[in-house]
Amino acid sequence: MQILSHAKIARMTAKSGGYELIEDGAIALDGGRIAWVGAMRDLTIDGPRTDLGGRLVTPGLIDCHTHIVFGGDRAREFEMRLEGASYEEIARAGGGILSTVRATRAASEDEMVATALPRVDTLLAEGVTTLEIKSGYGLDLDTELRMLRAARRIGRERKVNVVTTWLAAHALPPEYPDRAAYLRDVVIAGMDRAHAEGLIDAVDGFCEGIAFSVDEMAAVFDHARGLGLPVKLHAEQLSDLGGAAMAARHGALSCDHIEYLGADGVAAMAAAGTVAVLLPGAFYTLRETQHPPVAALRAAGVPIALATDCNPGTSPMTSLLLTLNMGATLFRLTPSECLAGVTRNAATALGLADRGVIAPGARADLAVWDVAHPAELTYRIGFNPLHARILGGEFV
C-alpha cells in the first residue's frame, strides 16, 4: 500500500457540484486503485509515504473529445482567412477539411503516430491521464482504420489511457456523390471491420446541414447499438436539427458542441443521462456568437464536460488547462464546474465509471499541482502548474 500524505485533495465525487476539498488529507493506493481517502488525522493505514507538502491533488484530467490524429495542418488557411479570403476562395486553393483528408490519406500509420505524439505529449504535460481520439479525416475505409490503429499505438507508446471513436460519418468525400453508398460502403462496412479488429470504443457522427441528417445518423446508431457499441454525436453546432434528441433516444453517452440546442434536446439529454460536451476552442476559433444553453443544462441537471476538440481546422488547441479558462470566460461556467468537466463528467462522457473522481475503488489516475486552490487551474492563462502525473498508481 502506497500513501500520498499531506495533500490538499479535490475529490470531485458530488454530482451536486463543488470540489469536496480535504485540506490536509491522504490517499492510499493499492494495485493501481484508490483504497482509501480522507483526512491525515484519520489515516491508520501503514505503507511507504510520499509527502506532497500540501500540494493539490485532483483526479487525472480527461480530454473526452479530440481529433488529434491527422495529417498536415491548416495554418496557411488560417492566414488566408485573416487576410480576407472567403470560404469558397480557401476551398478553391485546396483548403478546408478536404485538405486534411488528402494529407491524412497520404500518411502512413507510422507518420500518423509521429505527428500526433507531440500534441499528445503537450496534453500529458498538463495532467491528462485519459484521452479520446476519433477517426474522421480519412473518409475511406483504409485510412479510417489506419487512424484508429495509430490511436491504439499512441496508447501503447505513451503512459495514457486512449479511448477510440469511429467518426467516418464526419463529412462526405468528393468521390462519393451518392450519400447512401458512402454510408453503406465506408461508415457501416468500416464500423464492422474496425469492431472486428477491436479498434472501436464508441461511434460518433456529425449531424448538421453540411454533414449528415438526423435520419442518416439514426441508421448509423442503430447499427452501432447492434454491435454493442455506445454512441455520441456532434450535434446542434450550427443549427437545431434535433440531432441531440435523437442521440439521447439512442442512449448517447454525449452530445458535443450543442450551441444551438433547444429545450426539447435539453430535456431528452436530461432524461437519458447524456453528457453535454462543450468545446470552447472551436467556439473561439470560429468566432461564434451563439452560446450553448448553459443555464438550461444546469436547470435540467445535464452533466457538463469540457474538451479541447483538438483538430487542424476549427480548434488547433492542445491545452486542456486553457480549455478550463475558456469554459469559464466564454461560457460562464464556474471553476468547480470547469474542473468537474475535465474529470468526473468527462469520464461519464466516455462511459468510464472507474475514474474522474478520488474515491475508494477508482483508478489511481491523479494529477498533483503546485497551486494553493483548485480555482487556480481555471483562473490562470498560459501557465502550467503540474507537479506530477500519476497513472494507475505510478508516478509518470
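In this predicted model, a polar contact of 3.1 Å joins the side chain of Arg-355 to that of Thr-130. A second polar contact links the side chains of Arg-355 and Asp-354, at 2.8 Å. Arg-355 is placed in the loop between helix 14 (344-349) and strand 14 (366-369). With a relative accessible area of 11%, the residue is buried, because buried means under 20%. When residues up to four places away in sequence are not counted, Arg-355 touches Ile-62, Thr-130, Asn-161, Ala-347 and Arg-363.

The chain as a whole contains 15 helices and 16 strands. For 396 residues, a compact globule would have a radius of gyration near 21 Å, and the value of 21 Å found for the chain agrees with this. The C-alpha trace spans about 70 × 50 × 45 Å along its principal axes. Of the 396 residues, 58% are buried. Among contacts between residues at least 6 apart in sequence, 70% join residues at least 24 apart.

Ser-135 is located in the loop between strand 7 (128-134) and helix 5 (141-157). The relative accessibility of Ser-135 is 0%, so the residue counts as buried. Two polar contacts of its side chain were identified. The side chain of Ser-135 meets the side chain of Glu-144 at 2.6 Å, and it reaches the backbone nitrogen of Leu-167 at 2.9 Å. Leaving aside neighbours within four places in sequence, Ser-135 is in contact with His-67, Glu-144, Met-147, Leu-148, Thr-165, Trp-166, Leu-167 and Ala-168. Glu-144 and Leu-167 are among these residues.

Leu-333 occupies the loop between helix 12 (320-331) and helix 13 (335-341). Its relative accessible area is 4%, and Leu-333 is therefore buried. Apart from residues up to four places away in sequence, Leu-333 touches Leu-278, Val-294, Arg-298, Ile-304, Leu-306, Gly-327, Ala-328 and Cys-338. Between Leu-333 and Glu-208, the separation is 125 residues in sequence and 26 Å in space, taken from C-alpha to C-alpha.

Backbone geometry was examined at two glutamates. Most residues other than glycine have a negative phi. At Glu-20, by contrast, phi is positive, near 55°. Glu-20 is found in the loop between strand 1 (2-10) and strand 2 (21-30), and its relative accessibility of 23% places it in the partly exposed class. Phi is also positive at Glu-236, with a value near 50°. Glu-236 belongs to the loop between strand 10 (232-235) and helix 8 (243-249). The relative accessibility of Glu-236 is 1%, so this residue counts as buried.

Technical notes: Residues numbered from 1 in each chain as written. Predicted model: local features only at pLDDT ≥ 70, side-chain atom pairs only at ≥ 80, totals over all residues. Heavy atoms only, no water. Helix = DSSP H or I, 4+ residues; strand = E, 2+ residues; numbered from the N terminus. Buried < 20%, exposed > 50% of the residue type's maximum accessible area, 1.4 Å probe, protein only. Polar contact = N/O pair within 3.5 Å; in protein donor to acceptor, adjacent residues only side chain to side chain. Contact = heavy atoms within 4.5 Å. Rg over C-alpha atoms; globule rule 2.2 N^0.38 Å.
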